[in-house]
Amino acid sequence: MVIIKVLKVDVYYGSYKALDKVSITVEPGEIVGIIGPNGSGKTTLLKTIDGILKPKIGSVYIDGRETASLKRREIAKLIGYVPQRLETSAYLSVLDFVLTGRRPYIRLGYTKRDFEKAMNTLKIVNALHLAERRMDQLSGGEFQRILIARALVADPQVLLLDEPTTNLDPRYQVEILRLIEKLARERKVAIIMSLHDLTYAYRFPDKIVMLKNGRIYAIGKPEEVITPKNIKEVFGLEALVLKELRAVVFK
Amino acid sequence: MSKGANNLSKGALSYRILVIITLLIILAFLIPLSTSIGLYNVSFLDVFKVLFKYSLPESEAVALWLRLRRSLVAVVTGILLAGGGAVMQAALRNPLASPFTLGISHAAALGVAVSLLIGQTGYASMWFTGFARPYVVPLFAFLFALAQATLILLLAQRARLEPRAIVLSAIAMAFTYQAILALLQYLVLNELQIATIVFWMFGDLSRPGNVELQVLLLLTPILIVLYMILHADLDLILIGDDIAFSSGISPSRLRLIATIISAFGAALATSFIGVLAFLCLVAPHIARLLVGASHRYLIPASMLLGPILLIVADIVSRTILSPITLPVGIVLSFIGAPLLIALLLRGNSHGYH
């Protein structure tokens, strides 16, 4: 079964081609890691899957339906998007912030069910005690958990995360990735996330998409894709892949 | 869900509802208070008598109605301006955005100057302004304000400007209008006309008559509903355009709707009472410090704080140098600015709680 199918998409920024004939498929509960240098098209691919960017050629299918034919509200119920950063969230409480994720379900105002859903989701990400905290008073790890809760509160089948471990200390990085892993395994949410850290990319995802200049350079299991040869070609770095430790170190 | 969690969320909710109810009570108290204060002494009780249609001596009833009308004008314009300010601040994601930083007040002032210019030349226009004198000045102010709002929207939609660029270009336009206005004052207008413009720019609550009040009372409830309908979308657009789009709303369309609605509200209020620019800015900020940024509380709180601030400023303006009545806009700035700064300094670490 396939939940997300990206079929030969070309995405342009003006005349600049940001994605070139990219195709991937994702199954429910699968974790897909997107790696590649800055500007290789990681964020562009995530935004294209969510329909924020429209492909010039090719299509994206969710659950067998083409996104271009779906209403915005319907897509919002199926896909949760966790951006790298927010424009502003000051003076919003955590609960209010998570509630905004219920927008695809509400008509005029939030109902009791939306509140319950929000509180339950906060429980899932282990942040129930933060409900009344203001968004600008959270630590980096707490903030990231709340961002994920906001995307999760709409009960999506797919979660897109743009570098979820950036700006976190190592303890929180592992914590967030374990949380993401739990969502995929227990709730069968398909995860597509961009990652910078190749060790994490080796350890957590089931599948790796390696991008270079908007093209898929390699795709497959982590141990097949993350090899010294590929790292040299894509990142221009000499690296050692320690298979027993499942880690990547640079020379 | 655990019971503790339920209580946790209810604590924050009831706090904000409490703030809004308190503001409502303050406003309900201020209207008769403002009506009872003035040169002609009326007791607080008599105000209620008039409200509930007891018959009073005629002179007293007339004085009371004039003052009550003034209070009601303050309430509706306070609602229109403060609500519009709250909507614009979120839609343009800019704490300085308001219908007035979009150049609407300057456009309206220019409209007044133009209406005076037309009134000055030729017999036909003299007849026209004589015939419809009370309506020409507000009408021109309104048309110019709406024209400016349209211009902003064209910039935003056609040129696809970013919110920050919209605010900057609007400020640039406002300076242009100011320059044109100054040029007209310098070259063409006479002393009387200049005085009219200056007085108009202060903002005056006693200007609207019964008909104008009826228009305001008729349109304000519609705008209240329109402001409130946007609450969930405004929360979203505050967070970011991508995330808002991802949650199912179109940021550019919301920005368009929000600008039209609040520009209409501001144009309506400005054309009848003149410029009270500061209210749009200060009321939503104070409201945010009291109830946080969630718009389902922020918009009602702003729409209550606007009238409260305006009535307090009005009371002060009528009593402080009695029998002279100061323009309410001046007093509003004197009260609002220190209040906002004090709250910002104090409330920096606590949004609510």
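View 1. Two strands are said to pair if DSSP finds at least two bridges between them. In this predicted model, strand E11 (residues 239-242) of chain A and strand E12 (residues 247-250) of chain A pair in the antiparallel sense, and four bridges join them. Across this pairing, Leu240(A) stands opposite Val249(A), a residue of E12(A). Four residues lie between the two strands of the hairpin, where Arg246(A) takes a positive phi near 50°.

**View 2. The fold of chain A.** Chain A contains nine helices and 12 strands. Its radius of gyration is 18 Å, close to the 18 Å that the globule rule gives for 251 residues, so chain A is as compact as a globular protein of that length. The C-alpha trace of chain A spans about 55 × 40 × 35 Å along its principal axes. Of its 251 residues, 47% count as buried, and among the contacts in chain A between residues at least 6 apart in sequence, 64% join residues at least 24 apart.

**View 3. The fold of chain B.** Chain B has 15 helices and zero strands, and buried residues make up 47% of its 353 residues. Of the contacts in chain B with a separation of 6 or more, 77% are accounted for by residues 24 or more positions apart.

**View 4. The contact between chain A and chain B.** Chain A brings 32 residues to the contact, and chain B brings 26 residues. On the side of chain A that touches chain B, the elements giving two or more residues are helix H1 (42-50), helix H2 (72-78), helix H3 (94-99) and helix H4 (112-124) of chain A. Of these, H4(A) gives the most, with four residues. By type, the residues on this side of chain A divide into 15 nonpolar, seven polar and 10 charged. For the complex, the predictor gives an ipTM of 0.89 and a pTM of 0.86.

**View 5. Confidence along chain B.** The pLDDT of chain B averages 81, and 84% of the residues score at least 70. Among the elements of chain B, helix H5 (residues 123-131) has the lowest mean pLDDT, 51, whereas helix H14 (residues 295-319) has the highest, 94. Over residues 1-8 of chain B the pLDDT is below 50, and this stretch has eight contacts in the model beyond near neighbours in sequence. The pLDDT is also below 50 over residues 349-353 of chain B, a stretch that has nine contacts beyond near neighbours in sequence.

Note on methods:
Residues numbered from 1 in each chain as written. Chains lettered and ligands numbered in written order. Predicted model: local features only at pLDDT ≥ 70, side-chain atom pairs only at ≥ 80, totals over all residues. Buried ≥ 20, exposed ≤ 12 C-beta atoms within 10 Å, placed from the backbone. Contact = placed C-beta atoms within 7 Å. Nonpolar A, V, L, I, M, F, W, Y, C, P; charged D, E, K, R; others polar. pLDDT = per-residue confidence, 0-100. Rg over C-alpha atoms; globule rule 2.2 N^0.38 Å.
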